[in-house]
Amino acid sequence: MKYYSLENKDYKVDFKDAVLKGLAPDKGLFFPEKIPYFDKDFWEKSIFKTKQELAFDVVKPFTEECIDEASLKRIINETLSFDFPLVHIEESIYCLELFHGPTLAFKDVGARFMARCLGYFNSENLKAKNTILVATSGDTGGAVADGFLGIDGVEVVILYPSKKVSLIQELQLTTQGKNIKALEIEGTFDDCQDMVKKAFLDKDLENLGLTSANSINIARWIPQLFYYLFIYQDLAQFRKDIIVSVPSGNFGNIAAGLLAYKMGLPIHHWIAATNANDTVPKFFETGIYEAKKSVQTISNAMDVGNPSNFPRIIELFKNDINSLKNAVSSFSFNDTITKEQLATLYKNHNYIAEPHGAIGYLGLKEKVKDFSNKIGVFLETAHPIKFLDEVEPIINAKINEPYQIKNIYNKEKKSYIITSYKELKEFLVSN
Ligand SMILES: *Cc1c(COP(=O)(O)O)cnc(C)c1O
């Protein structure tokens with residue numbers, strides 16, 4: 001499989017190059033040259049496979065020339081080493097919980113898969129060295145820190161805005177040690193992002209082998225399609241239309257679901273649910289895409305005004321807005337409604353959601369009024385403990401601490417304070 005740049009279809013690279021580069025030199029996102037297709041018979045038989053077997057079959061065409069089968073199997077087994085429970089909420093509605101990984105966020109899957117791909121490439125070439133440079137508003141940092149911990153030949157540098165991530169998030173990214181370095185920036189997430197962008201363009205840093213690990217990287221983007229395979233495996237037996245609602249920020253997760261849809265996965269309809277950052281819902285309404293400045297909400301992992309993966313969705317539908325609208329709907333919800341929904345989910349169904357998942361549930365309810373011959377699934381993308389300051393007062397109850405963070409409060413925070421791009425550059429050169 002080759003990958004072309006969305007800015008220039010003649011520029012093509014293989015999987016390994018696309019992973020190492022992150023973005024094409026013309027700043028275009030990489031996109032698979034051919035979308036593999038699996039027929040009805042494949043999907044019907046897929047329910048008898050294990051999650052790992054099915055994930056392997058579906059992802060193999062994307063990595064074939066660059067990773068041998070045995071190594072890909074190992075990478076998938078190590079990536080998918082925790083549960084993905086589909087929890088029954090009410091009548092025909094289920095929640096796919098994606099927060100049982102080591103950092104309690106769905107980003108664990110993409111980060112673990114990408115880290116292991118890089119580890120594999122470096123094991124082929126022992127002199128290879130990469131520096132992962134990534135800016136985080138919270139969840140990405142922890143998932144990347146955990147996913148890349150101890151991977152051969154990879155140094156990780158994470159920039160986060162000082163005092164603007166939650167305590168758990170900060171501990172997850174500042175306490176790992178080893179090859180993980182956390183830089184605390186006096187500024188906002190946007191300032192972190194700007195410094196990272198600048199570093200990627202800086203000629204003086206070219207020989208450091210800088211690689212990005214955000215969701216534009218295909219090795220983080222593609223493995224997110226696994227979630228939707230699991231939904232189908234669990235629900236195909238009911239022989240009803242399946243509707244999936246995805247809380248969306250940079251739209252990487254839903255773009256991966258739509259990639260699986262184009263590969264033939266029998267999911268009937270898709271919902272991209274957002275918070276007040278409504279660039280995409282507005283686009284569905286008016287046909288005009290207008291990037292905005294992001295606004296702050298309680299579902300802060302989705303505070304994105306110009307979703308970086310949206311061009312991939314347009315490409316998947318070959319620029320045909322009508323066929324996109326047939327398959328996908330998009331709605332926006334404000335904080336007030338989100339809080340009300342969190343309270344109702346707890347009161348009526350005894351389910352503790354967090355703001356991102358509640359928006360997923362709202363999207364489902366907005367689209368489907370009658371579930372008599374349908375099944376709805378929303379994704380819960382983070383553990384509620386990561387948003388306990390919001391959630392506990394709303395439900396008026398304590399959230400149980402999952403085992404993943406039992407010891408985190410005893411670990412020692414280590415970060416480097418950075419106040420300018422010059423300091424970042426000095427740090428990267430001297431490390
Ligand atoms: C990153 C994140 C999202 C948004 O995912 P995208 O792929 O960027 O759309 C949603 N919820 C949580 C908790 C996240 O961390």
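Student: Does Thr 103 count as buried or exposed, and what is the relative accessibility behind that label?

Tutor: Please note at the outset that this is a predicted model. A residue is called buried when its relative accessible area is under 20%. Thr 103 has 3% relative accessibility, so the residue counts as buried.

Student: Where is the place of Thr 103?

Tutor: Thr 103 belongs to the loop between β5 (93-97) and α5 (107-124).

Student: Which residues does Thr 103 touch, leaving aside those up to four places away in sequence?

Tutor: The residues touched are Asp 108, Gly 142, Ala 143, Asp 146, Gln 172 and Lys 386. With one of them, Asp 108, there is a polar contact from side chain to side chain, at 2.7 Å.

Student: Let us turn to helices. Which residues of helix α17 are buried?

Tutor: An α-helix has 3.6 residues a turn, so residues three or four places apart point the same way. In helix α17, which spans residues 388-395, the buried residues are Val 391, Glu 392 and Ile 395. They lie on the same side of α17, because their arc around the axis is only 95 degrees. Asp 389 and Pro 393, on the other side of α17, are exposed.

Student: What covers the buried residues of α17?

Tutor: The cover includes α15 (335-349) and α16 (355-367). As for what comes after the helix, α17 is followed by Asn 396, which has a positive phi near 55 degrees.

Student: How many of the ten residues of helix α10 are buried?

Tutor: Nine of the ten are buried, and helix α10 (residues 226-235) is thus described as mostly covered. Among the buried residues are Phe 226, Tyr 227, Tyr 228, Phe 230 and Gln 233.

Student: Several of those are aromatic. How many aromatic pairs does the structure hold, and how is a pair described?

Tutor: A pair of aromatic rings is described by the distance of the centres and the angle of the planes. The structure holds 26 aromatic pairs. In the pair of Phe 82 and Phe 84, the ring centres are 5.1 Å apart and the planes stand at 35 degrees, so the pair is tilted. Phe 82 is buried, with a relative accessible area of 13%, and Phe 84 is buried at 5%.

Student: What kind of pair do the rings of Phe 283 and Tyr 289 form?

Tutor: Their planes are at 65 degrees and their centres 6.3 Å apart, so this pair is edge-to-face. Phe 283 is buried, with a relative accessible area of 7%, whereas Tyr 289 is partly exposed at 31%.

Student: Which residues do ring pairs link into a cluster?

Tutor: The cluster consists of Phe 82, Phe 84, Phe 106, Tyr 227, Tyr 228, Phe 230, Tyr 261, Trp 270 and Phe 317. Over the ring of one of these, Phe 317, sits the charged end of Lys 262, 4.2 Å from the ring centre. Another case of this kind is Arg 312, which lies over the face of Trp 221 at 4.4 Å from the ring centre.

Student: Finally, which residues around the ligand come nearest?

Tutor: Of the 15 residues around the ligand, the nearest are Lys 107, Asp 139, Gly 249, Asn 250 and Thr 381. A polar backbone atom of Gly 249 is 2.8 Å from an oxygen atom of the ligand. For Asn 253, a polar backbone atom is 2.9 Å from a ligand oxygen atom, and for Gly 252, a backbone N or O atom lies 3.2 Å from one.

Technical notes:
Residues are numbered from 1 along each chain as its sequence is written. This is a predicted model: local features need pLDDT of at least 70, side-chain atom pairs count only at pLDDT 80 or more; totals for chains, interfaces and linings use all residues. Side-chain values use heavy atoms; hydrogens and water are left out. Rings of Phe, Tyr and Trp (its six-membered ring) pair if their centres lie within 6.5 Å; planes under 30 degrees apart count as stacked, over 60 as edge-to-face and the rest as tilted. Buried means under 20% relative accessible area, exposed over 50%, partly exposed in between (1.4 Å probe, protein chains only). A charge sits over a ring if NZ of Lys or CZ of Arg is within 6 Å of the ring centre and within 35 degrees of the ring normal. Helices (H or I, at least four residues) and strands (E, at least two) are DSSP runs, numbered from the N terminus. The arc is that of the directions from the helix axis to the C-beta atoms. Contact means heavy atoms within 4.5 Å. A polar contact is a pair of N or O atoms within 3.5 Å; within protein, one must be able to donate a hydrogen and the other to accept it, and residues adjacent in sequence count only if both atoms are side-chain atoms. A residue is near a molecule or strand if one of its heavy atoms lies within 4 Å of it.
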